Amino acid sequence: MDSFSWHTLPNEMQLAIVDLLGEEDVKSLSQVDQRTYQACVPTLFKKVKLDNFDAIEDFLEHVPRSYCSHIEELEICTQQKNGSTPVLPRIVADAVIALLSASLRLKKLVLRVVGSLDKSVLAPFPYLHNLKHLSVANCGDEARAPLSERLVVSMALMTRNLEELSLDKVTRSKMHAPELEGVYPCPPLALNDEDIPDHPTLGSELSLPSLLRIPTLRKLTIRDTHLGHEGWTTIPVACRLEFLDIGSCYHEDEGFNTRCTERIMAAVGPTVDEFSLTAAVSDTLFSKPSVTPLQRLRSLHITPFFPVDSVVETMSNLAGSPVEKISVQCFEEDVVDICQALEDFLVLRLEKGPEFYHKLRQIDVSVTAATDDYDFTPTQEEIDERLAAAKRLQEFCRDLQLGSIVDKHEKKPALIANARLDGPAISFVDARRFKTRSMTI
């Protein structure tokens, strides 16, 4: 199509064509001429990612503010580049306010901050009517720059149509957790956040349990956050959560994290369909179909940080739910133990009879590297040990009259084992993102 023919097309048709192109194709097309660039603007600015505060300032300085009206997904980080001159929290907040205030079409916001922003940053949130997915994480040192629970809870409560909320490394406010001050192991506390404006309905009660008062909320993820507030057991629940992902707090022990997890599960369990678990479940209440709060739980995910020794007990204690799929993610060094734990679980399932996990159809195991800088190559002995563990599990599946398939994927890391019949389907997938060794049987 020559440029004349392109420019004779109606604007609506040009926009529709551009919307069908891939990201790189749109960038190339936008360089044809100024008129074509304008046709590409809505697609070019639909998703915006600004990796640091310097990038935010550059964006505000050089991009016409009207272009922000096209942003639907926005990811910003307020961390400054190394060597940049430090700026006051109010200046950072003003930049975020300017960006959000112009992005009224926003549907998804990922906000990575270094500690708490100035309270003024809350101003745009009541006007973001299309915002359904909010993610807030502290990418700084929590001890030196805590992210106040009062600030993030206020953000969430002000977002009128919020459906998905993800919080990472949020710090308890001293105002809501005075009992933690000076108590070993003494988790960090956010101070001087009493001036966060009261909520019209909840007043000053801006603690984490107040998130359950958001009626539109359907998915909730909270990780690396202290969840010891008693309010989780008493607050009236207004949301109907379908997905719950609760991480453990690294400032507390396994028993404390288990108690916190069980309290939150009991509070929101009746509506939860999918649950991601980091801490063990020791309360046998969840094993009884007639009384378990998790009456609708069908998909259970166990994270790599879950204590391997608690896998069988926890799965047994969740037997009261109609679980259809279990996915277990583990680190490489845990592969053998996870295989053994699954064998033990299947033995228990066999012993307890047909009503124990009677709806279970699939078990997935994925292997992941421990850190982003992972650079460890397993020895041949370790590879052989993991393969032997997979073989033992396969043989056990055959004993249960489960068909088994072992396959090698050339373009994917290689530990793959599947077993499928009328019972559970069991698959092992090595999902490491870095260096891998092929492991075939």
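Tutor: Buried means under 20% relative accessible area, exposed means over 50%, and partly exposed lies in between, with a 1.4 Å probe and protein chains only. This is a predicted model, in which local features need pLDDT of at least 70, side-chain atom pairs count only at pLDDT 80 or more, and totals for chains, interfaces and linings use all residues. Residues are numbered from 1 along each chain as its sequence is written, and side-chain values use heavy atoms, with hydrogens and water left out.

Student: Which way do the residues of strand β7 point?

Tutor: Strands are DSSP runs of E with at least two residues, helices are runs of H or I with at least four, and both are numbered from the N terminus. In β7 (residues 243–246), Phe243 and Asp245 point one way and Leu244 and Ile246 the other, and all are buried. In a regular strand, side chains alternate between the two faces of the sheet.

Student: What makes β6 and β7 a pair?

Tutor: Two strands pair if DSSP finds at least two bridges between them. Four bridges join β6 (residues 219–223) to β7, and the two run parallel, so they pair. Ile222 stands opposite Ile246 in β7. Four bridges also join β7 to β8 (residues 274–277), again parallel, with Phe243 opposite Glu274.

Student: Why is the unit of β7, helix α8 and β8 called right-handed?

Tutor: The term applies if, with the strands pointing away from the viewer, the path from the first strand over the helix to the second runs clockwise. The β-α-β unit of β7, α8 (residues 254–268) and β8 is right-handed.

Student: Why is Ser103 called buried?

Tutor: Its relative accessible area is 0%, so Ser103 falls under the 20% limit. Ser103 lies in the loop between α6 (89–101) and β3 (108–113). Beyond four places in sequence, Ser103 touches Cys68, Ile71 and Leu128, where contact means heavy atoms within 4.5 Å.

Student: Why do Cys339 and Cys186 receive their accessibility labels?

Tutor: Cys339 has 1% relative accessibility and so counts as buried.
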